[in-house]
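This briefing is meant for someone meeting the structure for the first time. Please look over the sequence and the model below before reading the notes that follow.

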Amino acid sequence: DTDRNKAVTLLDARPVFQIAEQAFCIYFAFEWTVRYVAFDKKWNCFRDAWFIFDSLLVGMMVIETWVMTTVMLVMGGDGAVGLGNASILRMARLLRLTRMARMARLL
């Protein structure tokens, strides 16, 4: 994505990058939902630090992928004006991937 996608926003990216971004967002939102449903007492999810961390990352990913894209479509134009640099959200997602890689090694 960072090497081949030169678009500033998701709306300007080629379809392959848009589809990949949507797929990752759906996958991680589904994973978060499954983990949330797995808690017997839903209140206990606030005691799990990794769940809270993942909740923040999934929330930022949903905001970046779906909410910001919707706002840009509603605003019209190029949409990049006024939203600032959203690359910090991508950096936080790298932390999640690092954690997933560490978990895969444990298996």
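## Aromatic pairs and the helices around them

Phe24 and Phe28 stand four residues apart in helix α1, and therefore about one helical turn separates them. In general, an α-helix has 3.6 residues a turn, so residues three or four places apart point the same way. The model described here is a predicted one, and its protein chain holds three helices and zero strands, which follow one another from the N terminus in the order α-α-α.

**The chain as a whole**

- Of the 107 residues in the protein chain, 26% are buried.
- The protein chain exposes about 7,700 Å², and carbon and sulfur atoms supply 69% of that area.
- Among the contacts in the protein chain with a separation of 6 or more, 57% are made by residues 24 or more positions apart.

**Aromatic pairs**

- How many aromatic pairs does the count come to? The count comes to eight aromatic pairs.
- One of the pairs is formed by Phe24 and Phe28, whose ring centres are 6.2 Å apart and whose planes meet at 20°, so this pair is stacked.
- Within that pair, Phe24 is partly exposed at 46% relative accessibility, whereas Phe28 is buried with a relative accessible area of 6%.
- Tyr36 and Phe51 make another stacked pair, because their ring centres lie 6.4 Å apart with the planes at 25°, under the 30 degrees that stacking requires.
- Since Tyr36 belongs to helix α1 and Phe51 to helix α2, this pair ties together parts that are 15 residues apart in sequence.
- Tyr36 is partly exposed, with a relative accessible area of 28%, while Phe51 counts as buried at 3% relative accessibility.
- Tyr36 and Phe51 also belong, together with Trp32 and Phe39, to one aromatic cluster.

**The loop between α1 and α2**

- Phe39, a member of that aromatic cluster, is placed in the loop between α1 and α2.
- Is Phe39 buried or exposed? Phe39 counts as buried because its relative accessibility is 19%, and the cut-off for buried is under 20%.
- When its neighbours within four places in sequence are left aside, Phe39 is in contact with Asn44, Cys45, Asp48 and Phe51.
- Asp48, one of these contacts of Phe39, caps the N-terminal end of α2, with a side-chain oxygen 3.3 Å from the backbone nitrogen of Trp50.

**Helix α2**

- Helix α2 covers residues 49-75, which is 27 residues, and it reaches 37 Å from its first C-alpha to its last, close to the 39 Å expected at 1.5 Å a residue.
- Where is the kink in α2 centred? The kink, of about 35°, is centred on Ile63.
- The buried residues of α2 are Phe51, Asp54, Leu57, Val58, Met61, Glu64, Thr65, Met68, Thr69 and Met72.
- Just after α2 comes Gly76, which takes a positive phi of about 75°.

**The segment before α1**

- Thr9 lies in the segment that precedes α1, the helix formed by residues 15-38.
- Thr9 is buried, with a relative accessible area of 10%, and its side chain is joined to the side chain of Asp12 by a polar contact of 3.0 Å.

How values were computed: Residues numbered from 1 in each chain as written. Predicted model: local features only at pLDDT ≥ 70, side-chain atom pairs only at ≥ 80, totals over all residues. Heavy atoms only, no water. Helix = DSSP H or I, 4+ residues; strand = E, 2+ residues; numbered from the N terminus. Expected span 1.5 Å × (residues − 1). Bend = angle between axes of the 7 residues up to and from the residue. Buried < 20%, exposed > 50% of the residue type's maximum accessible area, 1.4 Å probe, protein only. Polar contact = N/O pair within 3.5 Å; in protein donor to acceptor, adjacent residues only side chain to side chain. Contact = heavy atoms within 4.5 Å. Areas by Shrake-Rupley, 256 points an atom, 1.4 Å probe, with all protein chains shown as cover. Phe/Tyr/Trp six-rings, centres within 6.5 Å; stacked < 30°, edge-to-face > 60°.
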